[in-house]
Amino acid sequence: MAETLEFNDIFQEVKGSMNDGRLRLSRQGIIFKNSKTGKVDNIQAGELTEGIWRRVALGHGLKLLTKNGHVYKYDGFRESEFEKLSDFFKTHYRLELMEKDLCVKGWNWGTVKFGGQLLSFDIGDQPVFEIPLSNVSQCTTGKNEVTLEFHQNDDAEVSLMEVRFYVPPTQEDGVDPVEAFAQNVLSKADVIQATGDAICIFRELQCLTPRGRYDIRIYPTFLHLHGKTFDYKIPYTTVLRLFLLPHKDQRQMFFVISLDPPIKQGQTRYHFLILLFSKDEDISLTLNMNEEEVEKRFEGRLTKNMSGSLYEMVSRVMKALVNRKITVPGNFQGHSGAQCITCSYKASSGLLYPLERGFIYVHKPPVHIRFDEISFVNFARGTTTTRSFDFEIETKQGTQYTFSSIEREEYGKLFDFVNAKKLNIKNRGLKEGINPGYDDYADSDEDQHDAYLERMKEEGKIREENANDSSDDSGEETDESFNPGEEEEDVAEEFDSNASASSSSNEGDSDREEKKREQLKRAKMAKDRKSRRKSSEAKKGKDPNAPKRPMSAYMLWLNASREKIKSDHPGISITDLSKKAGEIWKGMSKEKKEEWDRKAEDARREYEKAMKEYEGGRGDSSK
C-alpha cells in the first residue's frame with residue numbers, strides 16, 4: 001500500500017467558491033494547498049471522524065468531518081479513484097469511506113438537521129443540500145418563516161444571496177420552533193455584530209490602502225476599521241498573512257494585512273490593508289480584560305498592560321488574535337543597505353521587498369507573489385535610460401508583473417538573491433532593437449558569470465559604433481557648412497558658368513578626395529585638443545617639493561584605525577570599510593574626538609609653517 005496519495009486539480013469548497021489546489025494524503029493526515037492563495041489546510045489523522053464519498057457536479061467528491069465539528073469538502077475526483085481512497089482510509093485512518101448520494105427527487109419539504117458547522121436539508125435518510133453556516137451573513141425571522149442571507153462571492157458570476165425556510169407551528173408549549181431554528185443558525189453563522197466592548201482601540205492610524213485615517217477597534221472575532229467616511233468589519237478568519245516591512249528611510253514601518261476574501265467599497269476590492277507607522281511613535285496600551293482572562297485567552301503572548309512602539313503593539317496584538325506568523329524581510333540587502341528596492345509598477349513608484357518565500361510590492365497597487373507560483377523571472381534593460389533596468393516576473397498562470405526603473409547598482413544584489421532562491425531566469429534581451437538568438441540566462445547559475453553585464457557591454461559597443469557613424473555623418477555636414485570657401489572652390493554652384501563641367505566630372509574621385517580631407521581635418525582637431533590639454537595640465541601641475549596639505553581629524557583617526565577594523569571584520573570590502581568607519585566615528589564620544597582634533601590642529605600649524613618657508617624659498621629663487 002502506498003504511503004502517500006497525491007491528487008492535482010482538486011477543488012475545495014470554501015465560502016461558496018471552489019478553490020483549485022493539490023490534495024495530499026499521508027499517514028499523518030490530509031493536506032490541501034490552495035493554488036491561488038497558497039493557504040494550507042492541515043487535517044490530522046486523529047481528528048477525522050467520518051468520510052463520505054458521493055457524486056457531485058464536478059465528478060465525485062469527498063466530505064470529511066472532524067472531532068471539533070469542522071467540515072471539509074473536496075471535489076474533482078474520478079469514479080475509478082474510490083477503491084484506492086477507500087483502501088487508504090481503512091489502512092491508515094481506520095475509517096470506512098461510506099458512499100452516500102444526494103437526493104434528486106426535487107421535493108421541497110423535508111427535515112433540517114444541524115451538525116457542527118453544517119445545516120443539512122434531508123428527505124428521508126438522503127441529504128438534498130447542505131449549507132455551511134459560516135457562509136451566513138444574516139438571519140431574520142418572521143411568522144413561521146426563517147430567512148438566511150449569504151456573503152457575496154466575488155469570484156462567481158451568479159451568487160446565491162437568500163434562502164427562506166417555512167417552519168410549521170408545533171403543539172409543544174413554551175418552545176417557538178422559529179426562534180429555535182434561528183438560534184441554531186446564529187450560533188454557528190459568520191454574523192459580524194459589534195456587541196460588547198472592544199479589547200483595545202488604536203486611534204487615528206494612517207492607512208494607505210484604503211486611504212485615510214482610521215480608528216481600529218479590536219474585537220475577539222473581528223477587526224473594526226472606523227473612518228470618517230467608511231466603516232469596515234474584517235473577520236480574523238479572512239486574514240491570510242501579516243507582513244512587517246521597514247521603509248527605505250529607516251524612520252517608518254509598513255504593517256500589511258493580506259485578506260481573502262477582500263474588503264469591498266462599491267466596485268473596488270482591497271486585498272491588502274496597509275498601515276504606515278513612524279518608528280518614533282510610542283503607546284501605552286491597557287486591554288479591556290482582567291488579567292486572568294488575558295492569560296487564559298492569549299497564554300502569555302499578551303499582557304493586560306503593555307507599552308512600546310505603536311507599530312510593535314499593533315503587530316503584537318494582531319499576531320495574537322489572528323494566530324498567524326508575521327513575515328519580515330529576509331537576509332536580502334540592496335546597494336544602499338536597505339532591505340528593499342525602489343522601483344515603479346504601473347506608473348507608480350514604490351518599494352519591492354524580496355522575502356524568504358516571495359516578493360511583496362508596496363504600496364499602489366500592492367502585490368504579493370510567492371516563489372512557488374513563479375514560472376520565471378527576467379532582467380531587461382529599460383527603454384528610457386541605461387542607468388536602470390526592469391525586473392519581470394511571470395507566474396505559472398501567465399500573469400506578468402514588470403517592476404521598472406530599478407537602479408543599475410541594485411542588479412548584482414537582486415541577481416544573486418534570485419539565483420540563490422533557484423528561480424528560473426530567462427533573458428528576453430532588449431525591449432526594442434536586437435533580440436538575442438540564444439538565451440543568455442539559461443546557464444547563469446554561477447555567481448561568477450554575470451550574463452546581464454555581458455549583455456550590457458555588447459549593447460554599449462553597438463551604441464558606440466552607431467554613435468561614431470552618426471558623428472562622422474554629422475561631422476561632414478558641419479565641416480562643410482563652416483567652410484564655404486572650400487565648397488565654392490571644389491563644387492560649382494548651379495548659376496556658375498562651369499556648373500555643367502563640375503557635375504559631369506568624375507564623382508568617385510571627388511568623393512575620395514572629400515573623405516581624405518575630412519580624415520586630415522579630424523586628425524588635426526584631435527592634435528590641437530591634445531596639445532591644449534597638455535598645456536593646461538602643465539599650468540595646473542603641482543610642485544613636488546611643496547608641503548602636503550594636512551589631514552582632517554577623521555582621516556587621521558581612519559589611518560590609525562584601518563587595520564583594526566579590517567581585523568575585526570575579515571574580508572570587508574573598501575566601500576563597506578568606509579561605511580563602518582563612518583558609523584564608528586559618528587558614535588564616538590566627544591572626549592575621544594577632541595584628541596584627534598588636537599592632532600589635526602597640530603598638523604595644520606606645521607603645514608602653515610612649512611608653507612611659509614616654502615613660499616619664501618621660491619621667492620628668492622625667482623629673484
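**Buried rings and a mixed sheet**

Me: Why is Phe 332 called buried?
Reply: Phe 332 has a relative accessible area of 4%, and buried means under 20%, so Phe 332 counts as buried. Bear in mind that this is a predicted model.

Me: What makes Phe 332 and Phe 417 an edge-to-face pair?
Reply: Two numbers. Their centres are 5.5 Å apart, and rings pair if the centres lie within 6.5 Å. The planes make 75 degrees, and over 60 counts as edge-to-face.

Me: Which parts does that pair tie together?
Reply: Phe 332 sits in the loop between E24 and strand E25 (341-345), while Phe 417 is in helix H5 (residues 411-420), so the parts being tied are 85 residues apart in sequence. Ring pairs also link Phe 332 and Phe 417 into a cluster that includes Phe 359, Phe 371 and Tyr 411.

Me: And why is the pair of Phe 121 and Phe 165 called tilted?
Reply: The planes of Phe 121 and Phe 165 stand at 40 degrees. Under 30 would be stacked and over 60 edge-to-face, so the rest are tilted. Phe 121 is in strand E10 (residues 118-123) and Phe 165 in strand E14 (residues 162-166), and both residues are buried.

Me: Over to the open sheet: what makes E18 and E24 its edges?
Reply: The order runs E18-E17-E16-E15-E21-E20-E19-E24, with mixed pairing. Strand E18 (231-235) and strand E24 (326-327) each have a single partner strand, so one side of each lacks a neighbour in the sheet.

Me: Which helix packs on that sheet?
Reply: Helix H4 (residues 310-322) does, touching strands including E15, E19, E20 and E24, and its direction makes about 100 degrees with that of E15.

Me: What lies 3.0 Å from a polar atom of the Ser 315 side chain?
Reply: The backbone oxygen of Glu 312.

Me: Where does the largest share of the largest nonpolar core come from?
Reply: That core has 41 residues, and Phe 255, Val 314 and Met 318 are among those touching the most other members. The largest share, 9 residues, comes from H4.

Terms used
Residues numbered from 1 in each chain as written. Predicted model: local features only at pLDDT ≥ 70, side-chain atom pairs only at ≥ 80, totals over all residues. Heavy atoms only, no water. Pairing = 2+ DSSP bridges. Helix = DSSP H or I, 4+ residues; strand = E, 2+ residues; numbered from the N terminus. Contact = heavy atoms within 4.5 Å. Axes fitted to C-alpha atoms, helices over the stretch in contact; angles between N-to-C directions. Polar contact = N/O pair within 3.5 Å; in protein donor to acceptor, adjacent residues only side chain to side chain. Core = buried A, V, L, I, M, F, W, Y, C linked by side-chain atoms within 4.5 Å. Buried < 20%, exposed > 50% of the residue type's maximum accessible area, 1.4 Å probe, protein only. Phe/Tyr/Trp six-rings, centres within 6.5 Å; stacked < 30°, edge-to-face > 60°.
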